[in-house]
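Let's take a walk through this protein model together. Keep the picture open and turn it as you read.

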Amino acid sequence: NPDGYVVTNNHVVDGATEVKVTLADGRELPAKVLGRDSKSDLALLKIHAKGLPSIALGDSTELQVGEPVMAIGNPFGLEQTVTTGIVSATGRVLGAGPYDDFVQTDASVNPGNSGGPLINARGQVIGINSIIFSRTGGSVGIGFAIPVNLAKSVFTQLAEKGRVERGWLGVTIQEITP
């Protein structure tokens, strides 16, 4: 947002001892990790800057298969790369964690796109690029983004508390014998 809050994937900053954010104008600013959530693979950073350009958040529940999208990122170190495609599927379960509900796209997503936005034709963020399926490590047209509606609640909690609090039911399931 304009006050210096930056969203990325948890796996991008996991294990980092120092985090820097490079702005479009070339400035490189140190960032503080305000919070991370490994279950949703999201992290919230803060840089000391004001009046930054920002992008509106959309509503990922309104996504339709076939809708055009753009993925923005830094694949292979190539800054501000934009690729286009369509929404290939919504609600995709990959076995990546307890919050599997990915937006699948055929927009080219490569290593380095993680944490970048997936944007709809109205210029709104509708997902956070996160995972690719590839046998070679490069794009084969199967990329996945975390839906922005899931991310909104995570960001809010990370900004307020530095962590995500979830409900927990202390029960287990087991087979019952006679």
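Strand 1 (5–8), helix 1 (10–13), strand 2 (19–22), strand 4, strand 5, strand 8 (117–120), strand 9 and helix 2 each supply at least two residues of the lining of the largest pocket. Helices (H or I, at least four residues) and strands (E, at least two) are DSSP runs, numbered from the N terminus. The lining has 43 residues, and Val6, Val7, Val21, Gly115 and Pro117 lie nearest the centre of the pocket. Its volume is about 1,600 Å³.

What counts as a pocket here? On a 1 Å grid over the protein atoms alone, a cavity is a set of points where a 1.4 Å probe fits but cannot get out, while a pocket is an open set with protein on both sides within 12 Å along at least five of seven lines; lining residues have an atom within 4 Å of a point. Grid points are joined across faces, edges and corners, and the volume is the space filled by probe spheres set on the points.

## Where the numbers come from

This is a predicted model, in which local features need pLDDT of at least 70, side-chain atom pairs count only at pLDDT 80 or more, and totals for chains, interfaces and linings use all residues. Residues are numbered from 1 along each chain as its sequence is written, and side-chain values use heavy atoms, with hydrogens and water left out.

## A closed barrel

Now look for the closed barrel: six strands in the order 5-6-7-10-9-8, paired antiparallel. Two strands pair if DSSP finds at least two bridges between them. From one strand to the next, the twist averages 45 degrees. Axes are lines fitted to C-alpha atoms, for helices over the stretch in contact, and angles run from 0 to 180 degrees between N-to-C directions.

You can trace some of the pairs yourself. Strand 5 (residues 68–73) and strand 6 (residues 81–92) are joined by six bridges, and Ile72 stands opposite Val82 of strand 6. Three bridges link strand 8 to strand 9, where Pro117 has Ile128 as its bridge partner. The hairpin of these two strands has four residues between them, and there Gly123 takes a positive phi near 80 degrees. Strand 9 also has five bridges to strand 10, with Ile131 opposite Phe144.

In the loop between strand 7 (102–105) and strand 8 you'll find Pro111. Pro111 is partly exposed, at 39% relative accessible area (buried means under 20%, exposed over 50%, partly exposed in between, with a 1.4 Å probe and protein chains only).

Strand 2 is held to strand 3 (residues 28–37) by four bridges, and Val19 has Ala31 as its bridge partner in strand 3.

Helix 2 lies across strand 9 (125–132) and strand 10 (143–147), at about 50 degrees to strand 10. Contact means heavy atoms within 4.5 Å.

Which residues of the largest nonpolar core touch the most other members? Out of 13 residues, they are Leu42, Ile128, Ile146, Ala151, Val154, Phe155 and Leu158. A nonpolar core is a set of buried Ala, Val, Leu, Ile, Met, Phe, Trp, Tyr and Cys residues joined through side-chain atoms within 4.5 Å. Strand 4 (42–47), strand 9, strand 10 and helix 2 each give two or more residues to this core, and helix 2 gives the most, with five. Another core, of 11 residues, lies apart from it and includes Val19, Leu45, Ala49 and Leu52.

Thr156 sits in helix 2 (residues 148–161) and is partly exposed, at 41% relative accessible area. Gln157, also in helix 2, counts as buried at 17%.
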